[in-house]
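Subject: Structure handover

Hello,

Here is the structure I promised to pass on. Please open it alongside this message; my notes follow below it.

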Amino acid sequence: MSLQVTNISKAFGGFKALSGVSLEVPMGALVGLIGPNGAGKSTLFSVISGFMPPDEGAIGFDGRSLDGLNPAGRARTGLVRTFQVPREFAHLTVRENMMAAAPGQTGESLVGLFFRPGKVREEEERLAEAVSEVIRFLRLERVADEPAGKLSGGQKKLVELGRALLVEPRLILLDEPFAGVNPVLIGEIMERIRELNGRGIGFLVIEHDLEALTRLAPQLYVMDQGRILTMGAPDAVLADARVREAYLGGAV
Amino acid sequence: MDAYLAAIAIIALIYMLLSLGLTLQYGLTGLINFGHVGFFAIGAYTSALLSLQGLPLALTIPAAAVTAGLAAWPIGLISLRLRDDYFAIVTLGFSETVRLVITSEKWLTNGVQGIPGIPRLFETISVGIGAQLAVMGVILAVTLVAIYAMRRIVASPFGRVIEAIRDNEEALQALGKDPAGFKIQVLILGSALAGIAGAFYAHYITYIVPDQFIPLVTFYVWMAIIIGGVGRVSGAIVGTGLLMLFLEGSRFLRDIVPGVSEVEMASLRIGVVGLLLVLFTIYRPQGLMGDFTKR
């Protein structure tokens with residue numbers, strides 16, 4: 001049981017963004033995906049999460065094909081993505097951002113809202129508690145009732161992670177969780193990811209900051225120019241001549 | 001004078017219903033509807049024609065809401081496939097199409113001659129201030145119900161989701177929710193409100209012609225919610241009130257400002273509204289009631 005990406009190709013005009021990419025993330029694993037800018041990492045995330053159809057290839061999750069599902073359908077299987085540039089609901093508070101993410105709310109239907117107010121209130125109370133817990137876990141208490149648009153870049157990344165947690169995820173696709181985040185907060189975010197992974201939630205983390213990711217993920221895939229270069233434990237991967245060439249342009 | 005004030009209040013309430021519908025669609029959900037007047041027209045003609053067939057207004061006004069809401073359904077389906085700006089153009093085209101259809105289909109709508117003699121609300125009450133106040137009371141009651149429902153929606157999980165759609169639709173999809181159904185419901189609901197407004201308008205004015213349903217009506221509603229504050233129920237109320245006060249009040253301004261003819265004044269009015277709009281967008285884009293963040 002795993003996320004299974006098989007032979008994915010995607011071209012934009014003449015530019016091959018992805019050529020025959022395959023990778024596998026076992027359930028509950030913490031896997032990194034590194035590569036220089038423009039390697040195709042974010043494109044791969046868009047294909048996996050259903051925002052972009054691939055030209056070729058197949059995606060399977062937990063033994064089931066995702067190929068016919070739209071982004072929302074894929075998220076409902078427990079495969080939830082975040083975005084490289086945070087996409088917070090800017091005018092909603094941090095708390096509301098997370099509450100909006102929870103599935104199966106009676107009050108999201110107009111009928112439920114007007115004709116089952118008791119049930120809606122009860123669900124809202126329960127949801128508010130669950131959200132408070134996530135906010136505490138992510139250390140966002142101080143900004144919980146601020147509009148998310150006013151937060152710093154790093155805090156927004158945490159809000160995105162918090163929202164993903166409310167969806168009851170089994171595997172989270174994190175797109176550059178450390179980009180533009182101050183070093184102290186990077187350590188915090190890493191700590192949270194490890195804790196969540198300890199609770200059984202899997203992660204596939206994109207990062208082009210090699211150093212940060214090698215500290216976090218016990219297993220790495222390396223991409224360059226739309227292909228998977230290699231995979232393995234961080235030490236082995238970093239020792240690989242092809243990886244050094246991709247990153248350092250053959251200078252080493 | 002009392003009758004005149006009552007007349008202004010009635011028109012203001014009708015515009016308030018329109019503003020509430022657009023607040024739901026644009027202010028809360030981010031749908032750029034430039035064809036609001038189309039649904040207003042559908043409501044007006046539906047209720048007018050049915051009432052002239054002898055149906056009681058208690059049936060024809062809800063029927064106006066239903067037809068306007070149903071007309072929004074296909075528009076909603078289209079909206080799911082279009083980017084915001086294209087959707088705006090489509091809705092504008094829709095409302096102009098509605099106007100052209102009611103102009104051309106003379107067998108049904110009597111074309112440019114329009115429909116005269118539409119029954120009033122409370123026709124049995126003798127004409128005069130009593131009848132005016134009764135009409136005003138009914139429209140006020142409906143407006144209050146609409147305001148109550150809107151406030152309930154804003155404070156609900158449904159409201160949270162449509163505001164999330166406005167702020168970032170793709171992020172919502174990434175969380176497992178399909179915006180499609182929400183957008184369609186919002187379009188239908190807002191258009192049904194416009195339909196009710198149209199019905200009240202027809203039964204109040206008692207004479208409707210296609211020329212009353214030009215895009216300017218849509219843009220008056222836009223002006224009202226921009227001045228009042230987009231995305232806030234109170235903004236729709238305050239903005240509509242102020243716009244109506246200005247549009248009507250400026251009639252008297254002509255008595256004070258010498259040398260301005262009636263025609264010039266009409267153009268001047270629109271010019272001033274335009275200037276206000278520009279000033280608001282520059283200096284107070286959140287509107288009078290808005291602070292951009294809190295409800």
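Start with one residue pair: Leu220(A) sits opposite Gly232(A), which belongs to strand 10 of chain A. Keep in mind throughout that this is a predicted model.

The hairpin

Tyr221(A) has Met231(A), in strand 10 of chain A, as its bridge partner. Strand 9 of chain A covers residues 219-224 and pairs with strand 10 of chain A in the antiparallel sense, over five bridges. The two strands form a hairpin, with two residues between them. In the turn, Gln225(A) has a positive phi of about 50 degrees.

The four-stranded sheet

Chain A also holds an open sheet of four strands, in the order 2-1-4-5. Here the pairing is antiparallel. Strand 2 (15-26) and strand 5 (64-65) of chain A are the edge strands, and each pairs on one side only. Inside the order, strand 1 (residues 2-12) and strand 4 (residues 56-61) of chain A pair in the antiparallel sense over five bridges. Val5(A) stands opposite Ile59(A) of strand 4 of chain A.

Salt bridges

Over all chains, the structure holds 21 salt bridges. One of them joins Arg95(A) to Asp145(A), with the closest N and O atoms 3.0 Å apart. This pair links distant parts of the chain, 50 residues apart. Arg95(A) is in helix 3 (residues 94-101) of chain A. Asp145(A) is in the loop between helix 5 (117-137) and helix 6 of chain A.

The interface

How much area do chain B and chain A bury between them? About 2,800 Å², with 60% of it on carbon and sulfur atoms. The contact takes 37 residues from chain A and 29 residues from chain B. Four salt bridges are counted between the two chains. In one of these, the side chains of Arg160(B) and Glu124(A) meet at 2.9 Å, N to O. There are also 13 residue pairs in polar contact between chain B and chain A, both residues at pLDDT 80 or more.

On the side of chain B that touches chain A, four helices of chain B each supply at least two residues: helix 6 (129-154), helix 7 (157-167), helix 8 (169-174) and helix 9 (179-205). Helix 7 of chain B gives the largest share, eight residues. By class, that side of chain B has 13 nonpolar, six polar and ten charged residues.

Best wishes

Terms used
Residues numbered from 1 in each chain as written. Chains lettered and ligands numbered in written order. Predicted model: local features only at pLDDT ≥ 70, side-chain atom pairs only at ≥ 80, totals over all residues. Heavy atoms only, no water. Contact = heavy atoms within 4.5 Å. Buried area = accessible area lost by both parts, 1.4 Å probe. Polar contact = N/O pair within 3.5 Å; in protein donor to acceptor, adjacent residues only side chain to side chain. Nonpolar A, V, L, I, M, F, W, Y, C, P; charged D, E, K, R; others polar. Pairing = 2+ DSSP bridges.
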